[in-house]
Structures are given as structure tokens and as C-alpha cells.
Amino acid sequence: MQTEDVVDCFAAQMTGAGSGAIATVQVFGDSARKVFGQVFAPSGTKSAEFRTGRILLGAITDGEKIIDQVTIGCEAPGTFAIHCHGNPLIVEMVMQRLRHCGVTLLTTEQLRAKILTAQAPRDTIAIEAKLAQAQAKTLLGTKTITNQINSGLGGKLRGWLAKIDEIPLDEIKTEATRILQASQAAKLIIYGCTAVLAGPPNSGKSTLLNYLAGRQKAIVTDIRGTTRDWIEATCQIGTLALTLIDTAGLEDGLGDSQDTIGAAAQKKTSEVLERADLVLLLLNNSQPVEQFAPQFIETIAGKRVITALNKSDLSPRLDMSRLPNALSNAVHISAKNGDGIENLKQQIQQTTGVSDIDPKQPVCFTKRQESLLERLTTAQSKQQAVSIIGELLNGQVQPA
């Protein structure tokens, strides 16, 4: 039975789910020792001494029942690691026993944020950098994050505060706007870019995906509409970690097909397009321009779009002058032969803006930073600006 509410103790499984030999559950909080008094029975006759640096042997119990034999590492005051058997059922029983004693169960990233936030003095950008580095997709992304602590964003914010009486408010607001603009490309370098391969059936999307990914990932045939669902692959293009999604062909009457499976695939294509960072529209250069649904232009409104005129090794029939303005950013390629692919890669880097990013320049890399910088661009006074800058530097970390 739970004897007392515990409101400042948190736990998360720090190892991946699986049946490995050992799993680790991290426990953090001022009440952690009180919780162990309820759930941990030390081996031998002596009571448990939870001193930093000690490793305790015993069992996690539920009344008279032993859940598992464990060791507990005392890593720091209020910070402990339970090492139990890796069977998912055992780990779940340990976690639920902790929860029953008032411990709040968190994701790994949430617990890391709790631990780091407790460190003093608080440097929020440094804490967020440590959390974000685990999610970085490239080495350049990791460097970009690291640079934001002492120079980059952190340096810019501290520089503003140091000269707040000298710098005009409009100058701060203008620089904040520039940082937000640069951050859109920087986040693609840090967290990766999702590119959707869209276009009419049999335009060569699967062939291009296979060429860029360097392996046979998608089924390639001459049968119209072979891809009915989406297929995903990853590749590296310059500084960009690119996730390619090969979608079902965009038929006329998007989503209204009498073919139930086809209609579902069309609907999923539209959903994937909505969350894409980049749209690679493949058109068949050997077919007339009337080959994609007119409403597609509305679907991709506001997106970064590159038009790839594929099958350029065949006799051309597509009149580029009839392409809508939104699709005028065109590159001629042959996905089958590899012609024009290097030009396409360069266009991807230019369109995403990653080729212009200096890893040392100030950028924001979390939603919290982005939200506060947006507020800073509309600050009405120096006093309000100082408050926002202070929150950027020393505010509360928001767990993912």
C-alpha cells in the first residue's frame, strides 16, 4: 500500500525495450530514498546506506513478493540507477511498483530534462543543448547545437544584455528576426529533412528513391500505380540527412477514386505532404504537362518545392512554359541513368537553405527558443525585451 504521496520523485527506463540481460531504470528526486524504503529489501541483515558512490544489492519487493533481484547505484544525492533483469515484463513490474509508491513515470528525455534542470546555476540553453545533441542527425548538427551555448545564440543574448542601454530596440528585433529565419534551415541540418517524392503514377519516383538511397528499396515496374502506400529511405546530401518518402501517385480526383485501396493511398499521400519539409515533384518529361491533379498546387502551397523533370533521356513532350509558377524551380534528370542527379542534389541544398548556414551563427533549436524569439520580435519596450532575453537564458526547460 502507498503510505504517503510522493510528488518530487521521477523514474524512466533508460535502456531500450527488449529481453536483454540487464535493464536500467533511473530514479531522481528528493524523495527517492523514502521510496526505496518501501520497495527495496537489501541483501544481508544491515539496512541500506544510500551514500553517493555505493552499489547496493537486494530486491525490489511488493509486500512479501520479490519482483526481481537488483542492484542500485547511488550516483549522486537524489539520483539512483536500478539495474534489473531486462525482461520487459520484469521492467514493467518494477516501473509500476514505483508508480504505486507515488513516483512519476517519465520518458527518457523528460527525466533527463528534470535532472539537468535541477543543476545550478541554471543555463537553460546549455541544458537544452545537452538534451538536443542526442537527437542530432549529423555531426554538423551536433556542432551547431554546441556552438549555441557560449557563442551562437547564448553569446548573442548575453551580448544584448551587456549593451542593452546602447543597442536600439529595433536592432534587437531585426536581429531576432534574422535568427528565426536562419533557424529554419539550421533545424533541418540538426534534426534532418523530410522530403516527399510526389507526382503522377509512373513518373519515376521509386527509381529516384532507389538511386538516391543507393539500394533497392522500392519496387520498380512499368505498371501504372505500383506504389499504393508510402516507402521510406534515408540518404546524405551534403550536410543534410534526408529522409525520402515515396508516395502513391497523385491521380486526378485526389482521394475520390472508386478503388478503395487507391483512395486510401491518395489520402495518405496528402497527409504526408502536409508534414513534409521539402516536396520533390517528379513529372514525366516525355508526357504532356497535363499529368498531375490541378488541386495539387493548393496542397503544396507554402512548401519548399523542387520540380524534377524525369525521363529527360526520352523525347521531350512537356512544355515548361505551361508549368504553374509554383513549379518553375525545375531540374532535368534521368533517375534511370543518373543524369542530372548532382544538379538535383545542389538544388536541394539551395532550396532548403542549408548551404548558407554557418554552424557558429546564432540559431534557435527548440520550440521554446523559437516561441520566445518570436515574442522578442514584437517587444514594445526595452524592459519587455530584457524580460524575454532573461527567460531565453534562464527559463524553464520544456521536456520533449
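Where does Ala308 sit? Ala308 belongs to strand β12, residues 304–310; strands (E, at least two residues) and helices (H or I, at least four) are DSSP runs numbered from the N terminus. Some notes on the rest follow.

1. Ground rules. This is a predicted model, in which local features need pLDDT of at least 70 and side-chain atom pairs count only at pLDDT 80 or more, while totals for chains, interfaces and linings use all residues. Residues are numbered from 1 along each chain as its sequence is written, and side-chain values use heavy atoms, with hydrogens and water left out.

2. Confidence. The protein chain has a mean pLDDT of 85, and 86% of its residues reach 70 or more; pLDDT is the predictor's confidence in each residue, from 0 to 100. Watch residues 218–228, where pLDDT stays under 50 and the model has 26 contacts beyond four places in sequence. Residues 251–257 are also below 50, with 14 contacts beyond near neighbours in sequence. A contact here means heavy atoms within 4.5 Å. Where pLDDT is low, the predicted coordinates should not be read in detail.

3. Back to Ala308. Its relative accessible area is 1%, so Ala308 is buried (buried is under 20%, exposed over 50%, partly exposed in between, with a 1.4 Å probe and protein chains only). Leaving out residues up to four places away in sequence, Ala308 touches Leu281, Leu282, Leu283, Val331 and Ile333. The C-alpha atoms of Ala308 and Gly340 are 9.4 Å apart, with 32 residues separating the two along the chain.

4. The open sheet. Seven strands run in the order β3-β4-β5-β6-β2-β1-β7, with mixed pairing. At the edges are β3 (40–42) and β7 (104–105), each pairing on one side only. Two strands pair if DSSP finds at least two bridges between them. Helix α3 (residues 108–117) packs on this sheet and touches β1 (9–13) and β2 (22–29), its direction making about 140° with that of β1. For that angle, axes are lines fitted to C-alpha atoms, for helices over the stretch in contact, and angles run from 0 to 180 degrees between N-to-C directions.

5. β4 (residues 55–62) and β5 (residues 65–76) pair antiparallel over eight bridges. Within this pairing, Asp62 faces Lys65 and Ala59 faces Gln69. Two residues lie between the strands, and Gly63 in the turn has a positive phi of about 70°. Next, β5 pairs antiparallel with β6 (residues 79–85) over five bridges, and Ala76 has Thr79 as its bridge partner. This hairpin also has two residues between its strands, with Gly78 in the turn at a positive phi of about 80°.

6. Thr138. What is going on in the loop between α4 and α5? Thr138 is in that loop, between α4 (124–133) and α5 (139–150), and its relative accessible area of 9% makes it buried. A polar atom of the Thr138 side chain lies 3.0 Å from the backbone nitrogen of Gly141, and the side chain also reaches the backbone oxygen of Ile189 at 3.1 Å. Beyond four places in sequence, Thr138 touches Ile189, Ile190, Gln236, Thr239 and Ala241.

7. Cysteines. How many disulfides are there? The count is zero, taking a disulfide as a pair of cysteine sulfur atoms within 2.5 Å. Cys74 counts as buried at 4% relative accessibility, and Cys364 counts as buried at 1%.

Definitions and conventions: Polar contact = N/O pair within 3.5 Å; in protein donor to acceptor, adjacent residues only side chain to side chain.
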